[in-house]
Amino acid sequence: ARKITAGHNSRIQAHKLVEKRHAKRFKNYDMDKAPAVVLSREEHQKVSTLLYRALPRGDKHSAAEIVKAYKKVYKAIGKPHWFQRAKSHIDKLTPR
């Protein structure tokens, strides 16, 4: 995703379907293998805002809480297939 967004001055951005801030909840999380979608800056901001509301910064969220929040947010924005990709990725990971 970084290769696609490079050179666009942040007009388009990669959104990791499981954000980097949650990677520490999983022992074998590899950001380079994480599924991502390319969004406009505005779309990315909207999704990120909803995820921050569902999973506030600074709080320690369990793997189950992360999955539940992603399912809710992605469904709310009409992208349930994003949750399926994220969940498929999470299912391969080992929670701490």
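Student: Among contacts between residues at least 6 apart in sequence, what share joins residues at least 24 apart?
Tutor: In this predicted model, 67% of such contacts join residues at least 24 apart, where contact means heavy atoms within 4.5 Å.

Student: Before we go on, what are the ground rules for the model?
Tutor: Local features need pLDDT of at least 70 and side-chain atom pairs count only at pLDDT 80 or more, while totals for chains, interfaces and linings use all residues. Residues are numbered from 1 along each chain as its sequence is written, and side-chain values use heavy atoms, with hydrogens and water left out.

Student: Which pattern does the protein follow along the sequence?
Tutor: The pattern is α-β-β-α-α-α, with helices (H or I, at least four residues) and strands (E, at least two) taken as DSSP runs numbered from the N terminus.

Student: Where is V18 found?
Tutor: V18 is in the loop between β1 (12-16) and β2 (36-40).

Student: Is V18 buried or exposed?
Tutor: V18 counts as buried because its relative accessibility is 0%; buried means under 20% relative accessible area, exposed over 50% and partly exposed in between (1.4 Å probe, protein chains only).

Student: Which residues does V18 touch, not counting those up to four places away in sequence?
Tutor: V18 touches Y29, Y70, A86 and I90.

Student: Changing topic, how many positive and negative side chains are there?
Tutor: The protein has 24 positive and 8 negative side chains, counting Lys and Arg as positive and Asp and Glu as negative, without His and the chain ends.

How values were computed. Charge placed at Lys NZ, Arg CZ, Asp CG, Glu CD.
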